[in-house]
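Subject: Structure for your review

Dear colleague,

Please find below the structure that I am handing over to you. I would ask you to look at it first and then to read the notes that follow.

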Amino acid sequence: MLIIKKSKANFLEILIKIMTLVAVVPVFLIIGYIIYTGIPAISWEFLSEMPTDGMRAGGIFPAIVGTLCLTLGTIIVAVPFGIFTGVYLVEYAKDNFLTRIINLTIINLAGIPSIIYGLFGMALFVIFLGFDVSILSGSLTLGIMCLPVIITATRESLLAIPNHLREASLALGATKWETITKVILPAAMPGILTGVILSISRAAGETAPIMFTAVAFYLPFLPISYWDQVMALPYHLYVISTQVPNMPSSFINGTLFILVVITLSFNLFGAFIRQKFNSKNK
């Protein structure tokens, strides 16, 4: 009997390793392919100049700036609202039927296709509120799209904190707000940052929401305010891959490489901050 149990355990361990390889190896192959084909196209001209010759030459500087502007706007919109909403649902809201409906709705909103958010943003911000196609409309749309993930991550991270930490802080004379800001949030911050990183990384690479609310096919200038349209790497990549004939493959591969680098940079920066919080908590 013991031999049979060990055999089953060994079989399951091997099966798990195989499934892990099946899941991980394609990711590394894709990243390796992007690096191999994208790096030769990278140059100072490619990174710092405007597109020329119908976007078949020149650079992608406006698209890089537009992507960074939209991502920064998304962070400003989504992160504070998402974290404070999660704090309210866990620390202040009563556990009743309405609260459970709200939590279920937030979880369901995380699974809505991004193009639905794009159409919603166009209807609300571009048309109804009159913000027009702009960085502001795109940032608000992406921020709303990121909110469910950030709220859910915040809520789950706060629920994972033992109640005795709250009770000990209150027993020492701290107010509820001091307990939340100085005890609970620092302990939960690694989990919260994971949700923030995942949602912002997704927003940086989205095409459908910004297609209706923020970006243009080509702009020969940089934005000077949040009321301006922009070019953005995800939409720019879509355009040069599908709408521009005789597009050099090196231009497409270089654009893809820069988009991946920006997305991975956000992930690495977030992981670094998360590690800092983990070190402080220990």
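A residue is called buried under 20% relative accessible area, exposed over 50%, and partly exposed in between, with a 1.4 Å probe and protein chains only. This is a predicted model, in which local features need pLDDT of at least 70 and side-chain atom pairs count only at pLDDT 80 or more, while totals for chains, interfaces and linings use all residues. Residues are numbered from 1 along each chain as its sequence is written, and side-chain values use heavy atoms, with hydrogens and water left out.

Overall fold

The protein chain has 11 helices and two strands; these are DSSP runs (helices H or I, at least four residues; strands E, at least two), numbered from the N terminus. Along the sequence, their order is α-α-β-β-α-α-α-α-α-α-α-α-α. The C-alpha atoms fill a box of roughly 70 × 60 × 35 Å along the principal axes. Of the 282 residues, 40% are buried. Helix α10 (residues 233-242) is mostly covered, with seven of its 10 residues buried; among them are Tyr-235 and His-236.

Record annotations

An unreviewed UniProt entry places "domain: ABC transmembrane type-1" at residues 64-270; UniProt positions follow the numbering used here, feature names are shortened, and annotations may be inferred rather than shown by experiment. That stretch is 76% helix and 0% strand, and its end C-alpha atoms are 20 Å apart. The unreviewed entry also gives the feature "transmembrane region" for several spans, including 59-89 and 251-273. Residues 59-89 are 94% helix, with end C-alpha atoms 46 Å apart, and residues 251-273 are 100% helix, with end C-alpha atoms 33 Å apart.

Pocket and cavities

Where is empty space left? Rolling a probe the size of a water molecule over the atoms shows this. On a 1 Å grid over the protein atoms alone, a cavity is a set of points where a 1.4 Å probe fits but cannot get out; a pocket is an open set with protein on both sides within 12 Å along at least five of seven lines, and lining residues have an atom within 4 Å of a point. Grid points are joined across faces, edges and corners, and a volume is the space filled by probe spheres set on the points.

The largest pocket has a volume of about 190 Å³. Helices α3 (61-92), α8 (176-204) and α11 (249-281) each supply at least two residues of its lining, which includes Ile-75, Ile-197 and Phe-269. Two cavities of 30 Å³ or more were found in the whole structure, and the largest cavity has a volume of about 40 Å³. Its lining includes Thr-67, Glu-206 and Pro-234, and its largest share, three residues, comes from α3.

Salt bridges

How many salt bridges does the whole structure hold? There are five, each being a side-chain nitrogen of Lys or Arg within 4 Å of a carboxyl oxygen of Asp or Glu. Side chains of opposite charge can pair when their charged atoms come close.

In one of the pairs, Arg-100 and Asp-95 have their closest N and O atoms 3.4 Å apart. Arg-100 is partly exposed because its relative accessible area is 45%, whereas Asp-95, at 65%, counts as exposed. Arg-202 pairs with Glu-206 at 3.1 Å between the closest N and O atoms. Arg-202 is partly exposed at 30%, but Glu-206 is buried at 14%.

With kind regards
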